[in-house]
Amino acid sequence: MVTFVPFGEKPNRDGVVYVLNFLKRNKLIDDYVIVESSRVELLPERLPLDRAYIIGEHLATYGIVQKLKPPSLISVDAHTDLMHDYLDHGSWLAYALEERFVNRAVVMAPVLMIPTTERTQLWTRRVKVFPALLRSRKVRGRWRAYKNLQTNDLLEILDEAKKYLGEEIYLTVDLDVLRPEYKIARFQHGELTLNELLELLEGIKENFKITAFDIAEISDRIRRSRLGKKAFVEVFQLLMG
């Protein structure tokens, strides 16, 4: 079964409904349920225990992991979602870690790593970040490069992630991780091509046991994007297979 969660602002809600109908028209899905809520706090009691979730705003993943309580999580996303000022789509992972809905997490392929304001805190405990591009951070007064998908071997990154997380994970894939030509992200976009994203997801499938997954930040932009629809279907079929 697949659970569709049209959560968030209207473009996100409409996008989830659109891909549901798109999958039905193309006979790619038959067993599904729709779960609606205007508040993330209500999602855990309404969501079924499922293997696949298609969601709007990424904040819905906070409700899913509160329901499932997976030991470890991998987030593939253009953003770290580790802001720690208030709970929203840019901070859900920080709060899920703080509240122990998830014990450990890895974020793969972010390009936007800097807090939005000087007062914004960035959560750093029990999480590793592997950016899409070369990025550096200050460690004990010295600048050191993150291991990243641009200059490091993917198998090396996956091996380090597995040693940190263990074999069993929950996987969340934010489609804003793709480049702007896919016309999926409502705001900032990532730097991966579809082939790069599929290679990364195939590597995760081969190296981890994915207990459940979601595909996040589906918006109504996808209805006008041939590349966006192709990307969604290929990611969906890969993860469902």
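Q: What makes a residue in this predicted model count as buried, and which residues of strand β3 are described that way?
A: Buried means under 20% relative accessible area. In strand β3 (residues 52–55), A52 and I54 point one way while Y53 and I55 point the other way, and all are buried, so each of them falls under that 20% limit. In a regular strand the side chains alternate between the two faces of the sheet.

Q: What makes β3 a paired strand, and which strands does β3 pair with?
A: Two strands pair if at least two bridges are found between them. Strand β1 (residues 2–5) is joined to β3 by four bridges, and the two run parallel; β3 also pairs with strand β10 (residues 209–216) in the parallel sense, over three bridges. Both counts meet the requirement of at least two, and therefore both count as pairings. Within these pairings, F4 stands opposite I54 in β3, and Y53 stands opposite D214 in β10.

Q: Why is α1 called roughly perpendicular to α7?
A: Two packed helices are described by the angle between their axes and the distance between the axes. For helix α1 (residues 10–25) and helix α7 (residues 226–240) the angle is about 70° and the axes are 12 Å apart. That makes α1 roughly perpendicular to α7, because angles of 65 to 115 degrees carry that description.

Q: How do you know which residues form the contact of α1 with α7, and what are they by class?
A: Contact means heavy atoms within 4.5 Å, and by that criterion Y18, V19, F22 and L23 in α1 meet K229, F232, V233 and F236 in α7.

Q: Which residues touch the most other members of the largest nonpolar core, and what does F232 touch?
A: Of the 53 residues in that core, M108, I204 and F232 touch the most other members, and the largest share of the core, seven residues, comes from α7. Leaving aside residues up to four places away in sequence, F232 touches V19, L23, I54, L175, I215, I218 and I222. A second, separate core of 32 residues includes L43, V102, Y170 and A216.

Q: Why is F187 counted as exposed, and where is F187 placed?
A: F187 has 56% relative accessibility, and because exposed means over 50%, F187 counts as exposed. The place of F187 is in the loop between β9 (168–174) and α6 (194–207). From C-alpha to C-alpha, F187 and D176 are 8.2 Å apart in space and 11 residues apart in sequence.

How values were computed
Residues are numbered from 1 along each chain as its sequence is written. This is a predicted model: local features need pLDDT of at least 70, side-chain atom pairs count only at pLDDT 80 or more; totals for chains, interfaces and linings use all residues. Side-chain values use heavy atoms; hydrogens and water are left out. Axes are lines fitted to C-alpha atoms, for helices over the stretch in contact, and angles run from 0 to 180 degrees between N-to-C directions. Angles under 35 degrees count as roughly parallel, over 145 as roughly antiparallel, 65 to 115 as roughly perpendicular and the rest as oblique. Buried means under 20% relative accessible area, exposed over 50%, partly exposed in between (1.4 Å probe, protein chains only). A nonpolar core is a set of buried Ala, Val, Leu, Ile, Met, Phe, Trp, Tyr and Cys residues joined through side-chain atoms within 4.5 Å.
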